[in-house]
Amino acid sequence: MSPLMIARLWIMVFLHYFVWGSWYVTMGTYLTKTLQFEGGQVGLAYGSTAIGAIVSPFFAGIFADRFFATQKLLGTLHLIGGGLLFLVSTQTTFNAFYPLLILYTISYMAGHGLTNTLTLHHAVNPGREFPIVMLAGSVGWISAGLTNSCLKLEDNVGMFQLASGAAALMGCYSFTLPHTPPKGAGQKVSVGTMLGFDALKLMREPSFATFILCSFLICIPLSFYFAWMNVFLNELGTTNAAAKMTIGQVSDVVFLLLLPVLLPVLRAKGILLFGMAAWALRFGLFAWFDTARDGHWMMYLGIAVHGMCYDFIFVMGRMYVDKRAGEDIRGAAQGLHAFVTLGIGMFVGSWLSGVVGQHYAGTGSDGAVVHNWKMIWAIPAVLSVALSILFVVLFKDREASAGELTSKEQPLNS
C-alpha cells in the first residue's frame with residue numbers, strides 16, 4: 001500500500017476504536033454513581049457488546065458481504081450508531097437504556113469485521129501492513145481515555161455524547177474511503193458458516209476442544225476488569241482514572257511487538273499459559289492492594305500487564321486457530337472462536353461480574369455505594385488460577401513451528 005492509503009486506513013481504525021473507548025471503559029462509573037443502577041444491571045450493560053458480537057455476524061453475512069460496498073455500509077452503521085448513542089445519553093432508566101445500548105452495539109460490533117475486510121482488501125502485503133493499520137486501534141483507545149479524563153466525563157453523560165460525535169465523524173469519513181465491493185456477491189450463505197459452526201468438526205481433536213473451552217472460560221474473569229476497573233479506581237479517589245487505565249493500551253502495543261520474539265521460546269502453549277496466569281496475577285494484585293500500605297505500585301502493575309493478558313490470549317488464540325484449521329474452514333474456525341469468546345464468553349462473564357459486584361456492594365457513611373473490592377477481585381483471581389491448572393493438564397497439542405504461527409498474525413485491539 002502507498003503511504004497515503006495506509007494513512008487513510010489508519011484514520012479509519014483510529015476513529016472506529018476511539019468511539020468504543022469513549023464510553024466502554026468508563027460506563028460502569030456512570031451507571032453506578034450517576035444513574036445508580038444495580039450491579040446486575042451494570043453487568044448486563046457490559047454484556048451488550050457480547051450480544052452485538054453474536055448478532056452482528058448474521059447482519060454482516062446477509063447484507064454486508066453480498067449487497068453493499070464495505071465503506072458505504074461502515075459509514076451508514078456509524079451514522080446510525082451516532083444517533084443511537086445520543087439516544088442512549090438521554091435515558092435515565094435501565095429499561096429504556098439497555099435496549100438502545102443493545103441496538104447500538106449490534107451496529108458497532110459489525111464494524112469490526114468491516115474495518116478488517118476493508119484493510120485486507122487494499123493491503124498489498126497483509127502480513128506487514130495489517131498490523132501497522134490495526135495499531136491505530138490502540139492509539140484511538142488511548143486517546144479516548146485521555147480525552148475522557150481531560151474533559152472530566154468519567155461519571156457523566158458526556159462520555160456517550162463524545163462517542164456520538166466521534167461516530168458521526170467516523171460515519172462521514174467512511175464514505176471517503178476507497179471503494180471496496182462486497183466480497184460475497186452472488187454466493188450462498190448459511191447460519192453455520194456465519195457463526196463458524198462449519199468448524200465444529202475441529203472439536204473432535206482433544207487439543208482444539210481444550211483450547212476452545214479454555215478460551216471461553218478465560219473470558220469470564222476478563223469481563224470483571226472491563227466492568228469494574230474504572231469504578232474501582234474512582235471509588236479509591238484516583239484522579240483521571242480513565243487516563244491512567246490507558247497504561248494498559250500502551251502495554252498492549254508493547255506485548256504485541258514482543259509476541260513474535262517470545263513465540264519461538266515459549267511456543268503456543270507457553271504464550272497461552274502466560275496469558276491466563278497474567279489474569280490471575282492482575283486480579284491478585286487488585287484483591288490484595290492496600291493504598292495505605294503499598295502505595296499505588298500494585299494497582300499500576302495490574303493495569304500494565306494488560307498487554308500480556310489480552311494479546312497472549314486473543315492474538316495468540318487467533319494465530320492458533322488459523323494454523324489448526326484447514327483452508328476450507330479457516331474463516332468458519334475464526335467465526336467459531338469469536339462466537340465463543342467475544343460472544344458467549346463475554347456475555348456470561350459480564351453477567352457474572354454484575355452479580356458479584358451487586359452482592360459485594362454496600363452503602364458508605366455518606367450514603368454513596370461502596371464495594372468490597374477484595375472479594376470482587378479475588379473471585380476472578382481464583383478462577384484464573386484454576387483455569388491455568390486445567391489448561392496445563394488437558395492441553396496436549398502438537399506444536400506448530402514459530403514461523404508457521406507468525407506468518408499469518410493478525411492482531412486485535414482492546
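**Questions on the model**

Colleague: In which helix does G284 lie?

Modeller: This is a predicted model, in which local features need pLDDT of at least 70 and side-chain atom pairs count only at pLDDT 80 or more, while totals for chains, interfaces and linings use all residues. Residues are numbered from 1 along each chain as its sequence is written, and side-chain values use heavy atoms, with hydrogens and water left out. Helices (H or I, at least four residues) are, like strands (E, at least two), DSSP runs numbered from the N terminus. By that numbering, G284 lies in helix α12.

Colleague: Is G284 buried or exposed?

Modeller: A residue is buried under 20% relative accessible area, exposed over 50% and partly exposed in between, with a 1.4 Å probe and protein chains only. The relative accessible area of G284 is 16%, and therefore G284 is buried.

Colleague: Which residues make the nonpolar surface patch of about 410 Å²?

Modeller: Patches are made of residues with over 30% relative accessible area and no salt bridge, where like charges are joined within 9 Å and nonpolar side chains (Val, Leu, Ile, Met, Phe, Trp, Tyr) within 5 Å. The areas themselves come from the Shrake-Rupley method with a 1.4 Å probe, and for residues only the protein chains shown count as cover. The patch of about 410 Å² is made by V385, I389, V392, V393 and L394.

Colleague: How does L394 count by its relative accessibility?

Modeller: L394 lies in helix α17, which spans residues 373–394. Because its relative accessibility is 40%, L394 counts as partly exposed.

Colleague: Are α10 and α17 roughly parallel or antiparallel to each other?

Modeller: Two packed helices are described by the angle between their axes and the distance between the axes. Axes are lines fitted to C-alpha atoms, for helices over the stretch in contact, and the angles run from 0 to 180 degrees between N-to-C directions; those under 35 degrees count as roughly parallel, over 145 as roughly antiparallel, 65 to 115 as roughly perpendicular and the rest as oblique. The axes of α10 (residues 206–235) and α17 come within 10 Å and cross at roughly 160°. For this reason, α10 and α17 are roughly antiparallel.

Colleague: Which residue forms a salt bridge with K33?

Modeller: A salt bridge is a side-chain nitrogen of Lys or Arg within 4 Å of a carboxyl oxygen of Asp or Glu, and a search of the whole structure finds 1. The pair links distant parts of the chain, 202 residues apart, with K33 in helix α2 and its partner in helix α10. With the closest N and O atoms 3.0 Å apart, the partner of K33 is E235.

Colleague: At what angle do α1 and α6 pack?

Modeller: Helix α6 covers residues 94–122, and its axis and that of α1 are 11 Å apart. The two axes make an angle of about 160°.

Colleague: Are α1 and α5 roughly parallel or antiparallel to each other?

Modeller: Helix α1 (residues 3–23) and helix α5 (residues 70–89) have axes 13 Å apart, at an angle of about 20°. Therefore α1 and α5 are roughly parallel.

Colleague: How many residues of helix α3 are buried?

Modeller: Helix α3 (residues 39–46) is mostly covered. The buried residues in α3 are G39, G40, V42, G43, A45 and Y46. Out of its 8 residues, the number buried is 6.

Colleague: What is phi of Q36 near?

Modeller: Q36 is placed in the loop between α2 (27–34) and α3, and Q36 is exposed, with a relative accessible area of 64%. Q36 is a residue other than glycine, yet its phi is positive, near 55°.

Colleague: Is N148 buried or exposed?

Modeller: N148 is found in helix α7 (residues 126–150), and its C-alpha atom is separated by 9.7 Å from that of V25, 123 residues apart along the chain. Because its relative accessibility is 0%, N148 counts as buried.
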